[in-house]
Amino acid sequence: MEEKLIKTCLHDRHTALGALMSPFGGFDMPIQYKGIAEEHNAVRHDVGMFDVSHMGEVRVTGPDAYKFVSHIFVNDVTGAPDGQIYYGMMCYENGGTVDDLLVYKVNDNEYFLVINASNIAKDVEWIKRNAEGFDVVVDNQSDYYGEIAIQGPKAEETLEKVLGLNLKEIAFYNFKTFHIDGEDVIISRTGYTGEDGFEVYGSHEFTVRLWDKLIEAGVQPCGLGCRDTLRFEVGLPLYGDELSEEITPIEASLSMFVKLDKPEFIGKEALALQKAEGVKRRIVGIELEGNAIPRHGYPVEADGKQIGEITTGYRSISTGKSVAMAMLDKPYDKLGTKVEVRIRKKTFPGTVVKKRFYDKNYKK
Amino acid sequence: MSKILDNLRYADSHEWVKVDGDIATVGITDYAQHALGNIVYVDMPEVGDEVTQGEDFGAVESVKAASDLISPISGEVIEINEALEDEPELVNQDAFENWIMKVRMTDPSEVEKLLDAAAYGKICEE
């Protein structure tokens, strides 16, 4: 049975630009326009933009909003000033990951959650189910919002010029709501590339107008192809690869976002136990000798047996090295461990390294 | 519009074959290189390897994904295009000039099962 793909508000623009389109998370999305490497380099060295309208937005409002967000989110939003953003996960009781997300604090009674496209239906159902007993309204606004990510060292000056706004006052992982063309537009200094940049949320009409202005300003449109190579190089996880219902944030080496000193949240007991006892497996980086490219699902071997598998792998566009993130059993997760990656009929030697293959270039 | 050369034979898996006596030169088509995008690695067989018609003999990798190379003929690999080890992007520049392997065919009549330029052109239009 063929699933009907959803088109974002910018779909016409992508096809007009001749983008290579492909299904992603239930949406028909652009993978590349000019070429993954060219688009990747535009973001690393200049500025690029992504249609990320497929992302989901959920607004939580009500007197219990703070209490409820604290209950479903592993990171700690206590004491946050309005306009602060947190990255973290929602977890099941067993510690498995429902989704990873951004939480925007509008005020104590209102939070704006940005979730993965492929998980919208599942997340909204799960959030609503867990909201029982809390005095909150959970509103799935995914159909209302379009979203564009403008990323790269020239993102700030470009977006300032195009919108005629001063964005310097928006600090890293902060947002502001602007009134533009008669509507509220959310602009945050966030992204998924390891570069400075912004994510802009507005109506479909606003999003299309902004896209056209950015094209006019000469900004390179970038597809999901380089979105993945960029996030991978700086060690950011993708739900479905490094995180899933079977993979906890601790196993994904993301414990820094799990605040076990919080009084309570869903999954706390399981995650605390895992942290105390130590995980049996963990996401690490692998650097391969030679040119062969490790891909998602390829087996990793050592001592004559399989000890894990690749979760994401590429020939890094920025460094030229064959590198991967992989889920490896203990004790093979130790830095410097020699492993073999099975690629088709052969195996290739590699070394366990940190899962950051390129340094982030955030403006903090 | 991708380029198709008249004097070659083609597999529907987008490899081309140039026949010279019992020696077959094999590469991927212009259509294939275009569909793959930036090619960053060509996984080639080794000289002396046996390849079989319809079975994979390596892979060509774009940034995003690996695609198996399917051998259009059977025989022994007598040469590989070593230039592709350091410059796989040559395949993007000219897919017909930059062949992948040369094979001494064990059954040259297998070539008859392959497509001619016109038939292959139709596949690319679909």
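Biologist: What share of the residues of chain A count as buried?
Modeller: Of its 364 residues, 47% do. Keep in mind that this is a predicted model.

Biologist: How many helices and strands does chain A have?
Modeller: Eight helices and 19 strands.

Biologist: And what is the radius of gyration of chain A?
Modeller: It is 20 Å. A compact globule with 364 residues would have a value near 21 Å, so chain A agrees with that. Along the principal axes, its C-alpha atoms fill a box of roughly 65 × 50 × 45 Å.

Biologist: Switching to A:Ile293, where is that found?
Modeller: In chain A, in the loop between strand 14 (281-288) and strand 15 (299-302).

Biologist: Is A:Ile293 buried or exposed?
Modeller: Buried, because A:Ile293 has 26 C-beta neighbours inside 10 Å and the cut-off is 20 or more.

Biologist: Which residues is A:Ile293 in contact with, leaving aside neighbours within four places in sequence?
Modeller: In chain A, they are A:Gly313, A:Tyr314, A:Arg315 and A:Ser322. From chain B there are B:Tyr41, B:Glu61 and B:Ala66.

Biologist: How many residues does the contact take from each of chain A and chain B?
Modeller: It takes 14 residues from chain A and ten from chain B. On the chain B side, strand 4 (39-43) and strand 6 (56-62) are the elements that give two or more residues. Strand 4 of chain B has the largest share, with three residues.

Biologist: How do the residues on that side of chain B divide into nonpolar, polar and charged?
Modeller: Five are nonpolar, two polar and three charged.

Note on methods: Residues are numbered from 1 along each chain as its sequence is written. Chains are lettered from A and ligands numbered from 1 in the order in which they are written. This is a predicted model: local features need pLDDT of at least 70, side-chain atom pairs count only at pLDDT 80 or more; totals for chains, interfaces and linings use all residues. Helices (H or I, at least four residues) and strands (E, at least two) are DSSP runs, numbered from the N terminus. A residue is buried if 20 or more other C-beta atoms lie within 10 Å of its own, exposed if 12 or fewer, and partly exposed in between; C-beta atoms are placed from the backbone. Two residues are in contact if their C-beta atoms, placed from the backbone, lie within 7 Å. Ala, Val, Leu, Ile, Met, Phe, Trp, Tyr, Cys and Pro count as nonpolar, Asp, Glu, Lys and Arg as charged, and the others, Gly among them, as polar. The radius of gyration is taken over C-alpha atoms; the globule rule is 2.2 Å times the number of residues to the power 0.38.
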